[in-house]
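Please look over this protein and report how its parts are arranged.

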Amino acid sequence: MSEGDLIQIEVAYALPSEQVILKIDVSPGATVREAIERSGILRRFPEIDLETNRVGRWSHVVALDAPVRAADRIEIYRPLIADPKQMRRERAVRSKQAG
């Protein structure tokens with residue numbers, strides 16, 4: 001396979017203090033899992049566990065076996081620290097108590 005047969009994508013992972021976006025070339029038909037593994041991001045961030053971390057394409061959750069397409073941004077999501085709905089409820093209660 002020649003270099004012209006490859007497609008370019010990005011693999012992204014963000015921490016509260018750092019955002020990493022890696023541009024890589026993959027073969028057409030590569031899966032999300034293959035792209036993540038090829039990017040080297042799992043070595044850089046050993047806390048990423050593809051069995052528990054959700055992944056997505058441009059903010060839409062996808063399966064690890066989904067094929068990547070040219071210009072995709074594959075995102076690895078960190079687990080939520082708190083339930084967003086519960087946090088909103090707690091803010092509403094505090095707001096009523098303060099007001």
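Helix H1 lies across S1, S2, S3, S4 and S5. Its direction makes an angle of about 110° with S2. Helices (H or I, at least four residues) and strands (E, at least two) are DSSP runs, numbered from the N terminus. Axes are lines fitted to C-alpha atoms, for helices over the stretch in contact, and angles run from 0 to 180 degrees between N-to-C directions.

This is a predicted model: local features need pLDDT of at least 70, side-chain atom pairs count only at pLDDT 80 or more, and totals for chains, interfaces and linings use all residues. Residues are numbered from 1 along each chain as its sequence is written, and side-chain values use heavy atoms, with hydrogens and water left out.

**The helix on the sheet**

H1 covers residues 32–39. Its buried residues are Val32, Ala35, Ile36 and Ser39. Seen down the axis of H1, these residues fall within an arc of 100°, so they line one face of the helix. The arc is that of the directions from the helix axis to the C-beta atoms. Buried means under 20% relative accessible area, exposed over 50%, and partly exposed in between (1.4 Å probe, protein chains only).

What do the buried residues of H1 pack against? They meet strands S1 (7–15), S2 (18–26), S3 (55–57), S4 (60–62) and S5 (73–76), and also helix H2 (41–44). Contact means heavy atoms within 4.5 Å.

Ile36 belongs to helix H1. At 0% relative accessibility, Ile36 counts as buried. Leaving aside residues up to four places away in sequence, Ile36 touches Val11, Ile41, Leu42, Leu50, Val55, Leu64, Ile74 and Ile76. Ile36 and Val55 are 19 residues apart in sequence, with 9.7 Å from C-alpha to C-alpha. After H1 comes Gly40, with a positive phi near 85°.

**The sheet**

Five strands form an open sheet in the order S2-S1-S5-S3-S4, and the pairing is mixed. S2 and S4 stand at the edges with a single partner strand each, so one side of each is left without a neighbour in the sheet. On average, neighbouring strands are turned by 30° against each other, direction ignored. Two strands pair if DSSP finds at least two bridges between them.

| Strands | Sense | Bridges |
|---|---|---|
| S1 and S2 | antiparallel | nine bridges |
| S1 and S5 | parallel | four bridges |
| S3 and S4 | antiparallel | three bridges |

A hairpin links S1 to S2 through two residues. Gln8 has Asp25 in S2 as its bridge partner. Arg57 stands opposite His60 in S4.

**The whole protein**

The protein has three helices and five strands. Along the sequence the pattern is β-β-α-α-β-β-β-α. The radius of gyration is 18 Å, well over the 13 Å that the globule rule gives for 99 residues, so the protein is more spread out than a compact globule. This radius is taken over C-alpha atoms, and the globule rule is 2.2 Å times the number of residues to the power 0.38. The C-alpha trace spans about 65 × 25 × 20 Å along its principal axes.

Of the 99 residues, 33% are buried. Among contacts with a separation of 6 or more, 45% come from residues 24 or more positions apart.
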